[in-house]
Amino acid sequence: MKIFLIGFMGAGKSSLGRYAARHNDLVFLDLDEYIEKQQGRSIREIFSGEGEPAFREMEREALREVIALEGDWLVSSGGGTPCYFDNMEQMNAHGTTLYLDLSSARLTDRLRNSKGKRPLIAGLKGDLQTFVHHKLLERAAFYSQAQLIVPEEFANKRDMKEIVAQIKAGTKLTF
Ligand code: S3P
C-alpha cells in the first residue's frame, strides 16, 4: 500500500509524514530527497542549472519509479508534484492521497524562515503572503482531488499518526 502526502511548501509534509510512517510501520520516502540523491545535487541546484521544466520532468519520472516500488510506503511529495502532468491521477490510482489543507497565513508564517532552500520563493521580490495566496489558488484544483483533505487543526503529529493508522486499517475517513 502507498499513502501520498500532498500540500503546499511548508505544510509539514516531510516532518508529519516521517513521524506518521515511523509509528505505523510504513517506509517513509520524501520525493524531493529521492530526486536529490538520484541527481547528486540539491533541488535548488537543479532549478538554477536546468530550470523548472527539467525539474518537473525529473519529478514525474521519480514519482513513476516510486509508484512501482513494492511494499508499504508513506510518500511525501513536493509541493508542486500534484500540479504537473497526470501526477495527481497517478497518485490517486496507486494509493491514498492526503492533502494537508493549511491556510495561506499559516503557510506564510512557516515559510518565512526557510525561504533559502526553496527555489520558488528564494528570490521573491514581492510580498510572501501574496505569493502564497495566489499560488495556493492556482493549485487548489489539483490539491482538492485528494481522497482525504486534512484540515489545518488535524495537521499535527498526534492526529496524523492516528489518521494514517485508520487508513492502514481500511477505515473510510471524512472530516
Ligand atoms: C515545490 C516544492 C518543493 C520542491 C520544489 C518545488 C513547489 O517541495 O519540490 O522546490 O513547486 O511547490 P516542498 O513542498 O517539500 O518544499
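Predicted model: local features only at pLDDT ≥ 70, side-chain atom pairs only at ≥ 80, totals over all residues.
Start by selecting the ligand, which sits in the largest pocket; to sit in a pocket, a molecule must have more than half of its atoms within 2 Å of the pocket's grid points. Residues are numbered from 1 along each chain as its sequence is written, and side-chain values use heavy atoms, with hydrogens and water left out.

Next, display the shell around the ligand, where Lys-13, Asp-32, Arg-56, Arg-118 and Arg-139 come nearest among 13 residues, a residue being near if one of its heavy atoms lies within 4 Å. By class, this shell divides into 5 nonpolar, 3 polar and 5 charged residues, with Asp, Glu, Lys and Arg counted as charged and Gly among the polar ones.

A polar side-chain atom of Lys-13 lies 2.7 Å from a ligand oxygen, a backbone N or O atom of Gly-79 lies 2.9 Å from a ligand oxygen, and an N or O atom in the side chain of Arg-118 is 2.9 Å from a ligand oxygen. Of the 390 Å² of accessible area that the ligand has on its own, the protein covers 94%, by the Shrake-Rupley method with a 1.4 Å probe.

Then widen the selection to the largest pocket, which holds about 600 Å³ of space. Among its 30 lining residues, Met-9, Asp-32, Gly-78, Lys-117 and Arg-118 are the closest to its centre. Helix 2 gives the most to this lining, with 4 residues, helices being DSSP runs (H or I) of at least four residues.

Finally, move to the second largest pocket, with about 160 Å³ of space, whose lining includes Thr-96, Gln-147 and Ile-167.

How values were computed. Polar contact = N/O pair within 3.5 Å; in protein donor to acceptor, adjacent residues only side chain to side chain. 1 Å grid on protein atoms, 1.4 Å probe; cavity = no way out; pocket = protein on both sides within 12 Å on 5 of 7 lines; lining within 4 Å. Points joined across faces, edges and corners; volume = space filled by probe spheres on them. Helix = DSSP H or I, 4+ residues; strand = E, 2+ residues; numbered from the N terminus.
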